[in-house]
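Student: Please pick one part of this model and walk me through it closely. Then place that part in the wider fold.

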Amino acid sequence: MYLLSAVESAEKQRTVKIQAAVMKVKQLVNQITLTGMVLAATPIGEYDRRVVILTKERGKISAFARGARRTNSALLGVTSPFSFGEFTVYEGRTSYTLVSASISNYFQELRTDVEGAYYGFYFMDLAGYYAREANDETQLLKLLYQTFRALTNPHIPDKLIRYIYELKVVAINGEGPQVFECIICGDRDRDKLFSVRRGGLVCRECAGHVTDGVSLLPSTLYTLQYIVGSPVEKLYTFVVKEEVLQELSEIMGKYMEEYVGKSFKSLKILETIVE
């Protein structure tokens, strides 16, 4: 009887080892490396975290980071918002588990600047609002990364960065305004008004029933066209005069309210800080 129990015990241990080995092989097979940025991190239990990552290859994903809140964990720093780099995850049936990460930019400058940090939080919230899982978010991730880099540049006003980012985000996601021709008749030559409700420019001949049309400074219109038409890499290469910045503020405030229509807590806090 004792011999039989010993054999059964050894067999069980062997089975457990085989199952563990099989699981390890499966994890290795299902591991993928994604380029992305941590948008948010939420505590789970006593030591773990759930992180939301905007990735180039899989869009917006949620990943479980086991032990990431332990002081000696290799995942402690890499699961903080603003962290940009490569993330190795195990892809399960319904979820991802973070295995490791190699961070190329923590954007440390923004972590120690309250105003800059809340610009960053708002930009990440807006990216998270538009991003979808299993979607190609290459342009959105590139925009977010370049925008964070611009926030660390003291020569570009943060307000201008905000308006550029907002306009480019809605344009990338197919909700941007028509800024090159009349949205009604397609005319490119006549003088035009900008109508938020109509979704862009309206020429004088088509403006009869437009109630919210406003004339823009030529420099403001050119700025809108440049933002919509330029690649992400060329966006943060200019500054504008105060009167242009003011018109951009008015246009984007109304446009975001009309077409995004979501209240972001990070934006409310930001606006109380910069007032």
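Tutor: Start with Thr79, which counts as buried because its relative accessibility is 1%. Buried means under 20% relative accessible area, exposed over 50%, and partly exposed in between, with a 1.4 Å probe and protein chains only. The model is predicted, so local features need pLDDT of at least 70 and side-chain atom pairs need 80 or more, while totals for chains, interfaces and linings use all residues. Numbering runs from 1 along each chain as its sequence is written, and side-chain values use heavy atoms, without hydrogens or water.

Thr79 sits in the loop between β3 (59-65) and β4 (84-91). Helices (H or I, at least four residues) and strands (E, at least two) are DSSP runs, numbered from the N terminus. The Thr79 side chain makes a polar contact with the Arg49 side chain, at 2.6 Å. A polar contact is a pair of N or O atoms within 3.5 Å; within protein, one must be able to donate a hydrogen and the other to accept it, and residues adjacent in sequence count only if both atoms are side-chain atoms.

What else does Thr79 touch, leaving aside neighbours within four places in sequence? Besides Arg49, the list holds Val38, Ala41, Val51, Ala65, Ala68 and Leu98. Contact here means heavy atoms within 4.5 Å.

Now the wider fold. The largest nonpolar core has 56 residues. Such a core is a set of buried Ala, Val, Leu, Ile, Met, Phe, Trp, Tyr and Cys residues joined through side-chain atoms within 4.5 Å. Phe123, Leu126, Leu144, Phe148, Tyr165, Phe194 and Tyr236 touch the most other members. Among the elements that each supply at least two residues of this core are β1 (31-44), β2 (48-55) and α3 (114-130).

For scale, the protein has eight helices and seven strands. Of its 275 residues, 42% count as buried. Among contacts with a separation of 6 or more, 59% join residues 24 or more positions apart.
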